[in-house]
Amino acid sequence: MDYSLPDDSLFLGFDCSTQSLKATILDANLSILASEIVHFDSELPHYKTKDGVHRDPSGNGRIVSPTLMWVEALDLLLEKFVKEKLDFGRIAAVSGSGQQHSSVYWKKGSCNMLASLDPEKHLVAQLSDAFSTKESPIWMDSSTTVQCREIERAVGGALELSQLTGSRAHERFTGPQIRKIYEMQPDVYHDTERISLVSSFMASLLIGGYASLDETDGSGMNLMDIKRRVWSKIALEATAPGLEGKLGKLAPAHDVAGLIAPYFVKRFHFRKSCLVIQWSGDNPNSLAGLTLNTLGDLAISLGTSDTVFGVAIEPQPSLEGHVLPNPVDPTCYMVMLVYKNGSLTREDIRNRCAEKSWDVFNKFLEKTPPLNGGKLGFYYKENEILPPLPIGFHRYILDNLTNGSLDELREHEVEEFDAPSEVRAIIEGQLLSMRAHAERSGMPTPPKRIIVTGGASTNKSILNAITSIFGCAVYTVQRPDSASLGAALRAAHGWLCNREHCFVPISCMYEDKIEKTSLGCKLSVPAGDTELLSKYTSFMKRRMEIEDRLVWKLGRR
Ligand code: 5FX
């Protein structure tokens, strides 16, 4: 079979993330032709966001982003491509990636506004009255603990909900967020005709009508039956009345959401036949962008949130981690762990302890010994998801590290570490936690290999630490923004499935190209030292004992 793409065609992938809107364009050989970015804080300063979000100053865990900021960013990004003289007419298909869980509330009557967008005016000017609330609750929000417990109780418990939907109730998940709006702002709920995720929201702008929710991103809502890939009646009823009608249909990630709207044809000169392929979540798109399809491979994404994910055939949803349908292979799943304290928390330590410089941070990491002289740190600048602990820093030292066996040493709590130890403690702490929770949630350990993506994947000192702690070879990709790359790849995949009138395995598209294009992996650090690995295994167990005690004492569950 010939699965090649037409010679002159281009494929556009967006990533609407927490702090920016990015785009990557692939040519028919799957090589990157162009990329662009809009930073929300600096390029759209009138929304007054910090890191792309508004944090409620009262400390109640409420975190939102202005919905219109994402609308405005879309025009701005496309205008950047106009300045680069991009030939929009060559784009055969567009897809995208959105921060997961975050939701948008379309006001009654907005469908008509979407269907009649005037190409002479900016989107933001035409959609300023389209939303029943202008604030979208996002994945960083942790204000729905009450609703989580209510939903879990109504479906028979946390484990039952996880087995049904792929995850227990989590504060950032869309179901608990919708329930909170229904309980606290009933007018907003009743005024809403459609609820979108960021992914289906951006796809809706592009097709000029409401796009279906993609099944993969839909599993981040605590509302979808993960095995049957349909809305779960019991979860819907536990969340809010009349919800199914506001959610619309689910569709697989490779489906066509619609043709690009006349607004984009007239304003930017897209071709009328340009397909919009279903958008999906950022982590699922990264899985596609990393071409992760081998059991035993693990990906670590080091971004605003840190995530760990892999492919699974028959995962068993439990109380830890999440199970999602695989966005590029309907026969299997992806499993995932998510941390809220990712790059912003590493940056905080860099600013306070390493003269605001990554060079100094890396020097500190390299000059301190593995196991950090028995120092263990827990750094939660935001309410953490995994484990569910509130904001706070906790530091411990295992006594007499050089003499005793790690399993028996006592620890004592301290107020602070010296600056270099603080740097090692945050990196070792984050990675030990990932390894321990990956093992607890049944991910392959040790992995065959780890592929690292996200901003911090360019940091060689962090990659060295990953190899030592996980005991396997670590690979990186040529482009750290795997989500928009994955979205562009999915745009091509969706286009191909549409041409063939059936599902085509995504690997058919890149089999012979992978090393020549931006999709290839580079080996960064080969597998490390086995003696050190076994010390890290004991160190990790000690860390988990302390973590379990902290959760018991301070945890939000
Ligand atoms: C996944 O469950 C998450 O909450 C985060 O990784 C967001 O997708 C970040 F955008």
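1. Contact here means heavy atoms within 4.5 Å. On that criterion I349 touches A354, F361, Y379, F393, E422, V423 and I426, leaving aside residues up to four places away in sequence.

2. The basis of the note: this is a predicted model, in which local features need pLDDT of at least 70, side-chain atom pairs count only at pLDDT 80 or more, and totals for chains, interfaces and linings use all residues. Residues are numbered from 1 along each chain as its sequence is written, and side-chain values use heavy atoms, with hydrogens and water left out.

3. I349 sits in helix α15, residues 343-353. Helices (H or I, at least four residues) and strands (E, at least two) are DSSP runs, numbered from the N terminus. I349 counts as buried because its relative accessibility is 0%; the cut-off for buried is under 20% relative accessible area, with a 1.4 Å probe and protein chains only.

4. Y475 lies 126 residues from I349 along the chain. Their C-alpha atoms are separated by 26 Å.

5. Now the sheet. It is open, has three strands in the order β21-β22-β23, and its pairing is antiparallel. Pairing requires at least two DSSP bridges between two strands. From one strand to the next, the twist averages 25°.

6. Six bridges join β21 to β22 (residues 392-398) in the antiparallel sense. F378 has H394 in β22 as its bridge partner.

7. Helix α21 (residues 530-554) packs on the sheet and touches β21, β22 and β23. Its direction makes about 40° with that of β21. Axes are lines fitted to C-alpha atoms, for helices over the stretch in contact, and angles run from 0 to 180 degrees between N-to-C directions.

How values were computed
Buried means under 20% relative accessible area, exposed over 50%, partly exposed in between (1.4 Å probe, protein chains only).
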